[in-house]
Amino acid sequence: MSLTLFLVIIPYLSESIEKFITVFDDYYNLEFANIAAYRIKTIYDMPEKDLIVFGSNIYSNISGSVTLTNVSYENSNFSLKPFSCQIKKGDFVIFKGIKDCGKRHIFNMLRREEKPLAGTITIDTINIYDFSVQTYKHHISYTTKNPYFFDMSIYDNLKLSGSTKREIFATLKRFEIFDNLSKLQSGLGANFLAASEKISSFDLFLLGLARAKLTKSKVILIYELPVGMQPKQLVKLKNILRKLSRTRTIILFTASSELDQLADKIYSIKNGKVDV
């Protein structure tokens, strides 16, 4: 590893090591500790050309517009052809396509988990790689149909968003899942992993969406929708997203057409080509 590369990744290594120690001290959880250690080694061994480097921009007055310009992606098994699109503040946009069409890579690039082969991605004209790690996490949050939560109480998971108890309760009530969660043994104090089997897939999805809202991010990414939603559940989700899109930019990645009527724009993806 070159000296330049080592100096570049020192901040990330420091953060990862700190998380390693915190997780181990707080929860004595060897599984999480091993994952942290593995990620440190992965970064250390990563070729310099593949390293995703983060900037130091801490600008926080973001409106939520997202622009992808001539963005392409490629790995050993897949190629995403160059495409451009502009997503305005408050837009509800859908990237639609079947499995392995390429939408997962767009989702990952917006999360800075994967690096474009070429092109630029900006938020309010600022390149996403110019933002510091913490600032970018504040600007963009995401959820999936199977959201991940830590091995702690439901309430403590939501509290990690930086929200107050009042904000957490108000959001859960607005999403109409507060009552169901309160029926769990220990209610919101229930350990998430222990209680997750007793929570419906739809409520789990809404819980992940609630957490994304609580971060106060201006851009929310959603990867796939719950399978087999009942008509009443679909109506509830539409109402939630309709209200949420008044103040947030929402980008949905799905194969479903269930929310097409909410979309300001739909980008169809097939075999690595985005129809713009």
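Which side chains meet in a salt bridge at 3.4 Å, N to O? They belong to lysine 103 and glutamate 224.

## Ground rules

We're looking at a predicted model, where local features need pLDDT of at least 70, side-chain atom pairs count only at pLDDT 80 or more, and totals for chains, interfaces and linings use all residues. Residues are numbered from 1 along each chain as its sequence is written, and side-chain values use heavy atoms, with hydrogens and water left out.

## Salt bridges

Back to that opening pair: a salt bridge here is a side-chain nitrogen of Lys or Arg within 4 Å of a carboxyl oxygen of Asp or Glu, and the structure holds five of them. The 3.4 Å one links distant parts of the chain, with lysine 103 in helix α3 (residues 103–110) and glutamate 224 in the loop between β7 and α10, 121 residues apart. Helices (H or I, at least four residues) and strands (E, at least two) are DSSP runs, numbered from the N terminus.

Another of the bridges joins lysine 236 and glutamate 176 at 3.8 Å, N to O. Lysine 236 sits in helix α10 and glutamate 176 in the loop between α6 (165–174) and α7 (178–182), so this pair ties together parts 60 residues apart in sequence.

## Helices α9 and α10

Helix α10 (residues 231–244) also pairs up with helix α9 (residues 201–214): their axes come within 12 Å and cross at roughly 5°. That makes the two, α9 and α10, roughly parallel, the label for angles under 35 degrees. The axes are lines fitted to C-alpha atoms over the stretch in contact, and angles run from 0 to 180 degrees between N-to-C directions.

On the α9 side, the contact (heavy atoms within 4.5 Å) is made by Phe202, Phe205, Leu206, Leu209 and Lys213. Helix α10 brings Gln233, Lys236, Leu237, Ile240, Leu241 and Leu244.

## Isoleucine 220

Strand β7 (residues 219–223) holds isoleucine 220, which counts as buried because its relative accessibility is 0%. Threonine 143 is 77 residues away from isoleucine 220 in sequence, yet 7.9 Å away in space, C-alpha to C-alpha.

Conventions
Buried < 20%, exposed > 50% of the residue type's maximum accessible area, 1.4 Å probe, protein only. Parallel < 35°, antiparallel > 145°, perpendicular 65-115°, else oblique.
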